[in-house]
Amino acid sequence: MVWTSRPVKSLKGAVRAPGDKSCSHRALIFGGLAEGTSHFTGMLEGDDVLRTGAAMSALGADVKRLGGGAWEVTGVGAKGLSSPAGILDFGNSGTGSRLMMGVMAGHDLTAELTGDKSLCSRPMNRILTPLRQMGLTDTAGPDGRLPFSLTGTKNLQAITYAPPQASAQVKSAVMLAGLSANGTTVVEEAKPTRDHTERMLRGFGVEVGVERKPGEPTRISIEGGQTLRAIEAAIPGDPSSAAFLVAAGILSPASDVQVDGVMSNPTRSGFYDVANLMGAHLGAEEAGEAAGERQINIASGYAHLKGIHVPERYVASMIDEFPILAVLAAFAEGETIVTGAEELRVKESDRIDATVAMLRANGVEAEGTPDGFIVQGRAGKVPGGGLVETHHDHRIAMSALVMGTAAQNPVRVDDISMIDTSYPDFLAHMATLGADISEGGPAESRGSQI
């Protein structure tokens, strides 16, 4: 069913950022592997995370959802994971499925994995290639796409691996396999990626080495055979989800938006750094720590934005935020150029094509390139009026709805059901700030569909 976002005069209010999705996945996985019972609060309870919890339960951990973002997880400890009775369905979750492949590689089990249409179209060889080198066997075809089964082994062998692409999911999968491997597993990163796996593993008592030398790849090492110990932790707020609310505040005249409890981690802050480079003047105040991560409260208000060539050093730390950055670029004055972001081609959708089509459907000139896109800003006057085909991509859907709050005409999206995978409170939070988003809408459209 089509949903419509209508222009509003201002957005005002304060909301708390939803729990970070990356940290929520890892909390359930690490808690399920640990000795003892872990307790977590502030967890994101979107469909992606629920699928990871269900997978860990099927593999032998005792996973209990207590309500209100509180979870209790009793791990399998030295016993290890066991073969599930049924198929592990990861829905739309690339993070959950890929991290779990690394986990299962080092256990004596066989499991069949699947997902929704979007997940089954995404490449998995980037994960399977290093895991096969370590000893995993699987039934994946040449394209490495789900569904397939895999068989782990307690005789996994450590490797040194340099991922050909900057990917925290690949790094984390290899590290998690390394937990069960014989020897010390090393991942060599040419470009930095989000480091939640390293940080949270240390919280569970695991020693993780990080060696940085100028001009050389960063070496992340983990010795096999280490034991995870149960913890109690609060999950920090998700900077990727908060970006949509912060962007809405930047675009709306007379706005005053505050998002509380947002994780402040250099491997995740690229969107906020780039927004400031474009002319946003975001405020930040300290808000304590959660799960070893610094938290801040972010204040955003209307800003006159200027188009820029986004420095490639920020790409890895904002890879999930490019659709909403493109919306900021549409409202900016001048041209915005994104390069070095070829990873966007293999997200929930081809995010380069989907982002460009979203803008074009709403009267903004944009073009895709092999590794990014170029947007001709409309200096605050985005026509809107278009219908956006989301391709089952939650970030395209939310970006289009944010665009509609400040465009000259309403913006429609063809489906919002997938937003529940990452940010189930998105519509409620936007309503709290004063957005006018509802099901249905006018039949006419000035733009074209993808």
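Reader: What should I know about the model and the numbering?
Author: The model is predicted: local features need pLDDT of at least 70, side-chain atom pairs count only at pLDDT 80 or more, and totals for chains, interfaces and linings use all residues. Residues are numbered from 1 along each chain as its sequence is written, and side-chain values use heavy atoms, with hydrogens and water left out.

Reader: What is the strand order in the open sheet of 4 strands?
Author: The order is S10-S11-S13-S12, with mixed pairing. Strands are DSSP runs of E with at least two residues, helices are runs of H or I with at least four, and both are numbered from the N terminus. Two strands pair if DSSP finds at least two bridges between them.

Reader: Which are the edge strands?
Author: Strand S10 (160-161) and strand S12 (208-211), each of which pairs on one side only.

Reader: And S11 with S13, parallel or antiparallel?
Author: Antiparallel, over 6 bridges, with S11 at residues 184-189 and S13 at residues 218-223. Glu188 has Arg219 in S13 as its bridge partner.

Reader: Which helix packs on the sheet, touching S12 and S13?
Author: Helix H6 (residues 196-203), whose direction makes about 140° with that of S12. Angles run from 0 to 180 degrees between N-to-C directions, and axes are lines fitted to C-alpha atoms, for helices over the stretch in contact. Helix H5 (residues 168-178) lies across S10, S11, S12 and S13, at about 170° to S11.

Reader: Changing topic: how many aromatic pairs in the whole structure?
Author: A search finds 6. Rings of Phe, Tyr and Trp (its six-membered ring) pair if their centres lie within 6.5 Å; planes under 30 degrees apart count as stacked, over 60 as edge-to-face and the rest as tilted. Phe40 and Phe204 have ring centres 6.5 Å apart and planes at 45°, so that pair is tilted.

Reader: Where do Phe40 and Phe204 sit?
Author: Phe40 is in strand S3 (residues 37-41) and Phe204 in the loop between H6 and S12, 164 residues apart. Both are buried, meaning under 20% relative accessible area, where exposed is over 50% and partly exposed in between (1.4 Å probe, protein chains only). Together with Phe30, Phe40 and Phe204 form one aromatic cluster.

Reader: Last one: Ser93, buried or exposed?
Author: Ser93 counts as buried because its relative accessibility is 0%. Ser93 is in the loop between strand S6 (88-89) and helix H3 (94-105).

Reader: What does Ser93 touch?
Author: His25, Asp48 and Leu119, not counting residues up to four places away in sequence; contact means heavy atoms within 4.5 Å.
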